[in-house]
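User: I would like to learn how to read a model of this kind, feature by feature. Could you take me through it, giving the general idea and then the case at hand?

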Amino acid sequence: MSTKKGLHPKNIHNQGYDFTLLVEKYPKLSEFIIEKFEKETIDFSDPIAVKEFNKALLAAHYNIKHWNFSDDNLCPPIPGRVDYIHHLADLVAGEENVTVLDIGTGASCIYPLLGIAVYDWNFVATDIDLDSLDYAQDIIDDNGFTDKVELRQQFKEEHILEGIIEEGDAFTVTMCNPPFYKSAEEARGANRRKSRNLGNNAVRNFAGNSNELWYIGGEKAFLHTYLYESSKYPKVSKWFTSLVSKKENVESLQSSGKKLGVKEFKIIPMHQGNKVTRIVCWRF
């Protein structure tokens, strides 16, 4: 098994994938295994194979046996998602009874599942899409996590924290994987490029509904709304965090943060294969 460079030291996927174990824990994966360069793998351009592969990872390494949602929703890659969780654990080290606000949890509810499985955290998870929340609730119930996760719907797409925060809320940390694109057209264009790069014309390989993929003004607008609204609830969470894909958006956030009274700003680099991203963290 080859080492996955750049993942968090605690990430169980650092040493690659043991397909014998994965098939043992999730037999259906055997239908999708192929040989490439004399090694077992799957066709990562096949969306069904990718979804089944991630189901196998959840079953084998996190004891999550039920993970069903529409093929129209994003299927998150488990190694990268759990990396965010491990970095947050470093950020809040020493805190007891950790409660996380997951903004935009999606139909897969992936961050709460991983946060509970690895660290036994509690979650409030939000989304604007009712269908996504329905899938998420089924996943929570089917895995016995009903007492660990509370779902809340955001009814106004222009807001992120407003309309979600309730009296008495106290979070250890907030987390978010924001939409990257400015419009459906931009998302579709990126989708086509990714599919071509994988040698696959099936654009649905990178599924996702509108709320998962794009936000008016793109990632920058989303992040600045999030930052501004966090300044209206500065004590509701000890840390506010988000993934940020575009490096240029970090400086912009830092500048605005100073004006809004941010006392501490941290940037945690993340490297997943050839992909470089970062977690931006701030507190008041």
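User: Which residues of H8 are buried, and what covers them?

Analyst: The buried residues of H8 are Gly218, Glu219, Phe222, Leu223, Thr225, Tyr226, Leu227, Glu229 and Ser230. Their cover includes strands E3 (99-103), E6 (171-176), E7 (237-244) and E9 (275-283), together with helix H9 (248-259). H8 lies across E3, E6, E7 and E9, and runs at about 175 degrees to E7, while H9 lies across E7, E8 and E9 and runs at about 165 degrees to E8.

User: What is the order of the strands in the open sheet, and which strands stand at its edges?

Analyst: In general, the strands of a sheet pair through backbone hydrogen bonds, either parallel or antiparallel. Here the open sheet has seven strands in the order E5-E4-E3-E6-E7-E9-E8, and its pairing is mixed. Strand E5 (149-153) and strand E8 (264-272) stand at the edges, each with a single partner strand, so one side of each is left without a neighbour in the sheet. On average, and with direction ignored, neighbouring strands of this sheet are turned by 20 degrees against each other.

User: In which sense do E4 and E5 pair, parallel or antiparallel?

Analyst: Strand E4 (residues 122-127) pairs with E5 in the parallel sense, over five bridges, and valine 124 has glutamate 150 in E5 as its bridge partner.

User: How many residues lie between E1 and E2 in their hairpin?

Analyst: There are two residues between E1 and E2, and phenylalanine 37 in the turn has a positive phi of about 55 degrees. Strand E1 (residues 33-36) and strand E2 (residues 39-42) pair in the antiparallel sense over four bridges, with lysine 36 standing opposite lysine 39 in E2.

User: Why does asparagine 54 count as buried, and what is it in contact with?

Analyst: Burial is judged from relative accessible area, with a cut-off of under 20%. Asparagine 54, which lies in helix H2 (residues 47-62), is at 3% relative accessibility and therefore counts as buried. Leaving aside neighbours within four places in sequence, asparagine 54 is in contact with Trp67, Cys75, Pro76, Pro77, Ile78 and Pro79.

User: How many disulfides are there, and are cysteine 176 and cysteine 281 buried or exposed?

Analyst: A disulfide is a covalent bond between the sulfur atoms of two cysteines. With a cut-off of 2.5 Å between cysteine sulfur atoms, the count comes to zero disulfides. Cysteine 176 is buried, with a relative accessible area of 1%, and cysteine 281, at 0% relative accessibility, counts as buried too.

User: What is the average pLDDT of the chain, and where is it below 50?

Analyst: The chain averages a pLDDT of 88, and 85% of the residues score at least 70. Over residues 186-191 the pLDDT is below 50, and this stretch has six contacts in the model beyond near neighbours in sequence. Residues 200-209 also stay under 50, and for them the model has 35 contacts beyond four places in sequence. Where pLDDT is low, the predicted coordinates should not be read in detail.

How values were computed: Residues are numbered from 1 along each chain as its sequence is written. This is a predicted model: local features need pLDDT of at least 70, side-chain atom pairs count only at pLDDT 80 or more; totals for chains, interfaces and linings use all residues. Side-chain values use heavy atoms; hydrogens and water are left out. Buried means under 20% relative accessible area, exposed over 50%, partly exposed in between (1.4 Å probe, protein chains only). Contact means heavy atoms within 4.5 Å. Two strands pair if DSSP finds at least two bridges between them. Axes are lines fitted to C-alpha atoms, for helices over the stretch in contact, and angles run from 0 to 180 degrees between N-to-C directions. pLDDT is the predictor's confidence in each residue, from 0 to 100.
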